[in-house]
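Here are my notebook entries from a first look around.

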Amino acid sequence: MSVELLMGNQALGLGALRAGVNCVSGYPGTPSTEVLEYIASQARKRDLAGLHIEWSTNEKIALEVGAGVALSGGRALVTMKQVGLNVASDPLMSLPYLGVGGLVLLVADDPGPISSQTEQDTRQFAQFAKVPVLDPSTPEEACAMMEEAFQLSAKYSTPVIVRSTTRVSHAAVSLESSYDYSARLVSGFEPSERWVIFPRRSYMGHLEIIERLQKLQETFAESSFNLIEQTGHSAAPAHLGLVAGGNSWAYLKDALQELGYAGSLRLLKIGTPHPFPDSLVWSFIKDLDEVLVFEELEPVIERELLRLIGQRREIRGNLRVRGKLDGTTEQAGEGSTARILQHLLDFLSVDGPGGGSSAEAGDAVIVGQSAPTLPIRPPVLCAGCPHRASFFAIKQALMGRKAVFSGDIGCYTLGNALPLDMVDTCLCMGAGFTIPQGMAWAEPDSLHLGFVGDSTFFASGLTGVVNAVASGVKLTLVVLDNSITAMTGGQTHVGQKLPGDIPSILRALGVPWVAEIDPFDQQAARDAVCEAVAQVGVSAIVFKSPCVTFCKSTAKGAGLSGDASENARAPRKAPQFVSVNPENCRNCKLCLRKLGCPALVSGQTQMQIDAGLCTACGLCTSVCPFQALEISEASGVDYE
Amino acid sequence: MNKSSVASTADEAKSVGSTCRSILISGVGGQGTILASRLIAQAAILAGWNARTAETIGMAQRGGSVLGHVRCFEGWEKAPLSALISPGKADLLIGFEPAETLRALPYLKPQGTVITSTSPIIPAANFFATSAESDGYQPQQVVDWLTNLSGQEPGFRLIRLDGQQICAELESPKVLNTVLLGAAAASGALGLGLKLLEEALRELVSSAYLDVNLRALHRGWEQG
């Protein structure tokens with residue numbers, strides 16, 4: 001027995017280890033990343049045999065690798081964030097037709113969103129792809145669901161999705177963390193015509209899917225992941241019902257506790273939103289007058305309730321379903337206990353803790369409307385980030401010229417912020433290389449530059465390069481190569497394990513003009529930009545400089561993720577940092593206004609350097625017209 | 001506060017009974033708030049409690065406003081299911097930066113405890129802001145406002161620390177989290193004593209930084 005504080009994503013990894021998973025593949029993406037990282041760290045720590053772990057090139061490849069393991073009779077876990085499932089949707093849509101078991105997808109949704117492009121709902125994707133989905137309410141339930149998902153997948157020969165959300169994946173709980181790992185015995189591939197997806201086979205597969213989902217519906221009606229509870233001491237039957245799925249169940253239970261409501265209520269928890277546990281839900285709903293549904297993202301449960309009521313006619317009175325569809329609850333953004341508490345006051349017609357209709361306690365601390373203004377804090381590129389140097393060089397080189405800068409997904413999206421203001425578009429992985437191709441055809445009198453990072457380059461940039469070369473479009477491809485997947489916390493990517501580097505790959509794909517530059521060499525960087533945009537066809541610049549946060553001296557080329565983040569916490573002795581010469585500094589703040597580096601701190605009489613942040617990259621020293629910033633030797637202070 | 005009365009019980013975790021102790025941590029991404037919430041949770045586990053935490057991880061870590069929620073409770077009956085603390089429900093607010101302390105203040109329960117560093121972090125964005133609301137962050141005004149509010153009904157206990165000064169004395173810019181935890185332990189509002197936090201530090205912090213963190217913890221304790 002050992003109780004440990006485990007993050008939801010670690011608990012999910014624990015569940016997979018307990019299920020004897022043989023292969024874990026994925027692509028990093030907040031809030032899903034730590035599932036694979038946890039399993040990798042356990043595999044290293046305990047030297048687990050029979051377990052293959054990889055950060056794949058992208059989510060589609062990760063799922064296909066997992067499918068191969070499952071086809072061979074092994075157990076595979078594939079991890080991604082919700083937008084990653086869009087990339088993996090091609091294999092996902094076909095896999096249930098094949099009827100492959102032993103395959104579990106962990107897909108983390110991001111209500112809010114907090115770190116994503118969309119507020120899409122993977123429960124809907126599961127309905128679309130005709131695969132079962134489990135929706136945990138807490139980290140501990142996530143662990144149990146992951147283990148169960150492997151059982152279900154094997155028993156019903158179908159991929160199973162465990163859908164988590166940010167507040168489950170990134171919450172932590174004290175949890176019994178022991179496990180005995182024994183890799184599932186791989187039975188080996190057994191040839192069958194069912195593995196070859198011809199149209200005739202697909203028709204049969206479709207019929208099998210329908211039968212399978214009917215069976216799963218019956219299984220889910222008995223599942224302990226779904227619950228009916230009765231509150232209150234009243235013997236009178238409840239007429240009001242509350243339904244919640246996923247993390248909203250936790251918020252609902254906490255809100256009821258905060259409210260201290262003693263009346264009679266029926267509660268329904270949905271942990272298996274697809275296929276919907278009809279018979280269980282019917283027994284819950286049939287005698288109620290009104291139900292209110294709490295769920296984040298899409299009204300999945302609410303629509304299923306309406307469908308169920310529409311199908312069955314013997315309902316008493318006029319049962320009303322309230323939620324997102326009738327505008328009762330919020331249709332976008334994150335849920336919370338406070339949000340649900342406020343809805344409960346209206347729904348139950350009761351007073352809040354402080355009296356009146358407000359959910360807030362009556363004697364709470366009131367900050368006051370005339371309180372001092374608080375600074376907004378948008379996320380920024382780190383001090384010493386090479387992307388800042390790359391963006392600044394391009395900005396300087398193309399000053400006054402008409403140009404559009406197409407960005408992509410990664411830390412460098414932050415180049416959008418002032419003062420750099422160098423990212424005009426950002427859509428999805430890989431679009432940084434393809435959107436500018438369309439723009440260049442539509443608007444040939446403008447310069448077009450597209451940015452992708454090194455991990456994105458391999459995930460979905462390569463096909464865009466091929467397209468540009470083939471079409472002969474005039475544009476400049478810029479690879480911001482910091483040798484790591486940084487935004488998600490420093491994971492390795494496939495490009496680091498290839499024999500060829502990015503410039504040689506670009507040349508091999510037929511890009512006629514390729515340069516590799518250290519962005520901190522600002523003169524060379526500006527010269528390269530000017531030369532690149534003067535080319536008649538496709539040109540490419542690789543700005544190569546390691547991530548200042550995650551690539552410490554030994555991190556480069558390290559094995560799986562985790563190595564890098566451990567290195568990030570290793571001792572960092574800065575031999576140098578930038579200092580301000582008080583005689584030269586005129587406190588014009590030009591350095592700050594041009595670069596926006598967080599290590600540059602505005603002082604009363606002169607600029608100051610935050611020595612804890614400064615990495616002595618020296619970019620600011622080249623910006624100051626008065627030579628007030630200079631690189632100095634450190635005073636022996638230890639910068640952790 | 002009466003230091004001796006706290007010290008006599010501080011090394012034992014105070015029973016939280018069937019209720020739950022809720023601690024909110026607010027700061028700027030990169031200040032070490034995540035380690036702070038992990039240390040509290042670890043100390044709680046060492047005391048035989050259960051804990052839930054939720055931290056901001058991801059994009060906002062890079063210089064954004066971040067919150068860490070920690071809830072400690074005995075047993076599982078009536079335990080909260082979510083780690084997130086509702087407005088007006090935090091027993092203790094540990095603010096790593098004055099503006100972030102004020103921003104998170106609505107989470108504090110009436111007559112709760114606030115421990116805040118008074119050293120500001122002024123975002124570079126402040127210089128490029130065009131909207132009036134982000135213009136002109138005046139840290140001293142924020143500290144004065146907090147001080148003033150603490151004395152008004154319903155009020156709260158406010159403990160202020162000059163984080164930058166203390167870290168400079170400790171010759172490490174990265175130990176603000178353990179300084180504030182030491183002060184939180186001394187205040188009694190954390191419900192966890194020094195020994196538990198020391199033990200949590202030994203489990204979570206690498207040996208190279210253990211010594212300076214232990215010194216920081218004790219330094220905070222003296223300030224609390």
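Before starting, I note one definition: two strands pair if DSSP finds at least two bridges between them. I also keep in mind that this is a predicted model.

**Entry 1: where the chains meet**

Strand E8 of chain A, residues 171-176, pairs with E2(B) in the antiparallel sense, over 3 bridges. For a landmark, I found A:Ala172 opposite B:Thr53 in E2(B).

Then I looked up the whole contact. Chain A and chain B bring 61 residues each to the contact. On chain B, the elements that each supply at least two residues to the side touching chain A are helix H2 (33-46), strand E2 (50-55), helix H3 (98-104), strand E5 (108-117), helix H4 (139-151) and helix H8 (207-223). Which of them gives the most to that side? I found that it is E2(B), with 6 residues. I also noted the make-up of this side of chain B: 35 nonpolar, 17 polar and 9 charged residues.

**Entry 2: a parallel sheet in chain A**

Next I traced an open sheet of 5 strands in chain A, in the order E14-E15-E16-E18-E17, with parallel pairing. Strand E14 (403-406) and strand E17 (513-517) of chain A each have a single partner strand, so they stand at the edges with one side lacking a neighbour in the sheet. On average, neighbouring strands here are turned by 20° against each other, direction ignored.

Inside this sheet I picked E15 (residues 447-453) and E16 (residues 475-481) of chain A, which pair in the parallel sense over 5 bridges. There, A:Leu449 stands opposite A:Thr476 in E16(A). I also found helix H18 (residues 522-533) of chain A lying across E15, E16, E17 and strand E18 (538-544), and running at about 170° to E17(A).

**Entry 3: a mixed sheet in chain A**

I then followed another open sheet of 5 strands in chain A, ordered E9-E11-E10-E12-E13, whose pairing is mixed. Its edges are strand E9 (227-231) and strand E13 (320-322) of chain A. The twist averages 20° from one strand to the next. E12 (residues 290-294) and E13(A) pair in the parallel sense over 3 bridges, and A:Glu290 has A:Arg320 as its bridge partner in E13(A).

**Entry 4: one residue in chain B**

Is B:Leu196 buried or exposed? I located B:Leu196 in helix H7 (residues 194-204) of chain B. Buried takes 20 or more C-beta neighbours within 10 Å; B:Leu196 has 24 inside 10 Å, so it counts as buried. Finally, I checked B:Leu196 against B:Asn50, 146 residues apart along the chain, and found their C-alpha atoms separated by 14 Å.

Terms used: Residues numbered from 1 in each chain as written. Chains lettered and ligands numbered in written order. Predicted model: local features only at pLDDT ≥ 70, side-chain atom pairs only at ≥ 80, totals over all residues. Contact = placed C-beta atoms within 7 Å. Helix = DSSP H or I, 4+ residues; strand = E, 2+ residues; numbered from the N terminus. Nonpolar A, V, L, I, M, F, W, Y, C, P; charged D, E, K, R; others polar. Axes fitted to C-alpha atoms, helices over the stretch in contact; angles between N-to-C directions. Buried ≥ 20, exposed ≤ 12 C-beta atoms within 10 Å, placed from the backbone.
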